[in-house]
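User: I would like to learn how to read pockets and helix packing in a model. Please start with the pockets.

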Amino acid sequence: MTTLRALLEGRRFGLVLSAGYFGFYGHAGFVDGLLGHGLVPSAFAGTSAGGMVAAFTAAGVPLPELKALITSQRREHFWDPDWVGIAVDSVRRGHRPSGLLKGARFRALLEQHLPVKQLERTPTPLVLVATSLTSQRAVTLTSGDLASAIHATCAYPGLFQAVPRDGELLWDGGIVDKAPAVALLDAKVAQLDALLVHYLPSRGGNAQPGGPLAYAAGMSSGFAAVRREHFKLQLEVLHHRGVPTYVVTSHLPPVSPRSMATGAKAMEAGAESVARALAAPPTPWQGAD
């Protein structure tokens, strides 16, 4: 039986990191493990948490430095509620009620630690995806200011305010495209022989809505279903195009703004996940979300 590692060795493969609520830790562990096995992606793509890790890695930040940066962050480093702005825009119909946080602290962290300022100048080709509230479509980002592109793809609905960029208001790319495999291929930023996807299932996607938050839980489950079906269609498209696509699904310890201390465990789990996957034959994606 041919292992996943043997299938990837010597090939120009693109690495796709999926959206996943505070999945930065698991993705960083996964990429670190992948590089530790001597497998270096020829291009990166991602949305939301996956987009951030993909961007820092493509920009040339060493994995030990990236892991240290992620694990050192605390809630107060990015937590900047915009109560006044939300109140003002609630009256004047601005966009700030789209999320609790301004995002200014988050953007400052990105600008401080990114060694590359323009997306098209990353040493390894990079594709990020955001969701445009202006044009109601998924937007593939391959050029322009890198910090604002990461900010946009990470702007989780309700948590971060929509991000103005190039005349559009952008939210988290994972709303529409959880794992942008086709977007990476269509962007033609690199010649690729295969794709590897690190897929993080949506937490709570299978929950039975009920109680006072039934509407929110129901919407969450509905969005999870849309993302799952969208990714299934992507796999079919890639199959028909003849592009070998391997999906590794990781079930990681949950992390949230109030439980970031568990991030180190999620990082370890991501590294363990890639080690197990590389040592075994690739398995079909089961559609878990």
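User: How much space lies in the second largest pocket?

Analyst: This is a predicted model, where local features need pLDDT of at least 70, side-chain atom pairs count only at pLDDT 80 or more, and totals for chains, interfaces and linings use all residues. Residues are numbered from 1 along each chain as its sequence is written, and side-chain values use heavy atoms, with hydrogens and water left out. Rolling a probe the size of a water molecule over the atoms shows where empty space is left. A pocket is an open set of points on a 1 Å grid over the protein atoms alone, where a 1.4 Å probe fits, with protein on both sides within 12 Å along at least five of seven lines. The second largest pocket holds about 290 Å³, a volume being the space filled by probe spheres set on the points.

User: Which residues are closest to its centre?

Analyst: Val247, Val248, Thr249, Ala277 and Thr283, out of 19 lining residues (those with an atom within 4 Å of a point). Strand E10 (a DSSP run of E, at least two residues) gives the most to this lining, with 4 residues.

User: Which residues of helix H4 are buried?

Analyst: An α-helix has 3.6 residues a turn, so residues three or four places apart point the same way. In H4 (residues 63-72), Leu63, Leu66, Leu69 and Ile70 are buried (under 20% relative accessible area, 1.4 Å probe, protein chains only). These residues lie on the same side of H4 because they cover an arc of only 125° around the axis, taken from the directions from the helix axis to the C-beta atoms. They pack against helices H2, H3, H6 and H10 (helices are DSSP runs of H or I, at least four residues; contact means heavy atoms within 4.5 Å).

Key:
Buried means under 20% relative accessible area, exposed over 50%, partly exposed in between (1.4 Å probe, protein chains only).
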